[in-house]
Amino acid sequence: MKSTTVRRVTLSVAVAAALTGVAACGSSGSGKGAAGGDTAIHASPVAAVLRTVEQNTDKAESAKVRSSTSLGDLMSLTANGEVSWAGGLKGDLTLTYTGGKMGDALRKMGNASSEARYLPDAAYGKMSGKFARTTGKHWVRYSYDDLTKITGGTMPNLQQQARSTTPNQTVQALLASHDVHKVGAETVSGVRATHYAGTLDIADFARRNGGLGADRLAALKKQLQASGVTTETLDVWISDQNLLVKKSERADTANGLMTNTTYYSDYGVKVSPVAPPAADTQDFADLMKSGGSGLPS
């Protein structure tokens, strides 16, 4: 593979992997309870609790997050900042690449840590001084369509995930588990919380209704299959205010094992990222039209 191709895939997968860390394997449903999809739900005590959490988290619309994500041997990274899910994903995160083939390549390029801004139509990554000296720009704009194309589909449905991602998507997925159960009381970041866990077996979806209606279950199955997910284990920790304070996910994907642990706090925090100045931004599609010649070596 030519060095410019390696560099362009590295840059795009880094941004996509960060988005995956925020989105994880969440459902593509709206979380507000679409009509006609929830008429056959088994109202167990655990499902009732999780539905309250789903609604409360959705209404909060924003939170501070800190997460760690790994995807096979491709990438491992941490993310810290704040995100909003009101009207599409918005966020401002500091990303630190800690390992994997792509993470190692980024560190060699001088981008061990960078700022990422997520807006409903695109993601922006702040690049190193080396990149700025080569291109005269400090930022790269990635449309979600471009990310999906450049990564060869290894990060599918990025635009869909960006539009629908909320912390409560994990709760929705847990409602589809065949073995969701209460683990017990624990303390998370100084907050008293209740731990719930379950497993998703995609092959088992065809005969299950679980805690979701048929329409939302089908949408969840479709998204997981598109990511190459076969099984997924989910754990959530719920505060006394019925808000998600921690989630942990492990999923077998087409790219290897995906793990994600995310902590949530300060629900309702103001999140107002803005696109970087156009004069200081290079569009990734334009960069690729030049054969990647603007990418630092």
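Predicted model: local features only at pLDDT ≥ 70, side-chain atom pairs only at ≥ 80, totals over all residues.
Q: How many strands form the open sheet, and what is the pairing?
A: There are 12 strands in the open sheet, and the pairing is mixed. The order is β7-β8-β9-β10-β11-β1-β2-β3-β4-β5-β6-β12.

Q: Which strands stand at the edges?
A: β7 (181-188) and β12 (281-283) do. Each has a single partner strand, so one side of each has no neighbour in the sheet.

Q: What holds strands together in general?
A: Strands of a sheet pair through backbone hydrogen bonds, either parallel or antiparallel.

Q: How are neighbouring strands of this sheet turned against each other?
A: By 20° on average, with direction ignored.

Q: Let's zoom in. How do β2 and β3 pair?
A: β2 (residues 75-84) and β3 (residues 90-99) are antiparallel, with 9 bridges. Thr-78 sits opposite Thr-96 in β3.

Q: And what lies between β2 and β3?
A: The two strands form a hairpin, with 5 residues between them. Gly-87 is in the turn and has a positive phi of about 75°.

Q: What about β3 and β4?
A: β3 also pairs with β4 (residues 113-119), in the antiparallel sense over 6 bridges. There, Thr-94 faces Glu-115 in β4.

Q: How many bridges join β5 and β6?
A: 5 bridges, again antiparallel, between β5 (residues 122-126) and β6 (residues 139-143). Lys-126 stands opposite Trp-139 in β6.

Q: Switching to helices. Where does α7 pack?
A: Helix α7 (residues 168-175) packs on the sheet and touches β8, β9 and β10. Its direction makes about 120° with that of β9.

Q: Are the residues of α7 buried or exposed?
A: 8 of the 8 are buried, so α7 is largely enclosed by the rest of the structure. Among them are Asn-168, Val-171 and Leu-175.

Q: Which strands does α2 lie across?
A: Helix α2 (residues 45-60) lies across β1, β7, β8, β9 and β10. It runs at about 110° to β8.

Q: New topic. How much space lies in the largest pocket?
A: About 190 Å³. It is lined by 15 residues.

Q: Which are closest to its centre?
A: Val-191, Val-245, Tyr-264, Ser-265 and Asp-266.

Q: Which elements give two or more residues to that lining?
A: β1 (62-71) and β11 (256-265).

Q: How do the lining residues divide?
A: The lining of the largest pocket has 8 nonpolar, 4 polar and 3 charged residues.

Definitions and conventions:
Residues numbered from 1 in each chain as written. Heavy atoms only, no water. 1 Å grid on protein atoms, 1.4 Å probe; cavity = no way out; pocket = protein on both sides within 12 Å on 5 of 7 lines; lining within 4 Å. Points joined across faces, edges and corners; volume = space filled by probe spheres on them. Helix = DSSP H or I, 4+ residues; strand = E, 2+ residues; numbered from the N terminus. Nonpolar A, V, L, I, M, F, W, Y, C, P; charged D, E, K, R; others polar. Pairing = 2+ DSSP bridges. Axes fitted to C-alpha atoms, helices over the stretch in contact; angles between N-to-C directions. Contact = heavy atoms within 4.5 Å. Buried < 20%, exposed > 50% of the residue type's maximum accessible area, 1.4 Å probe, protein only.
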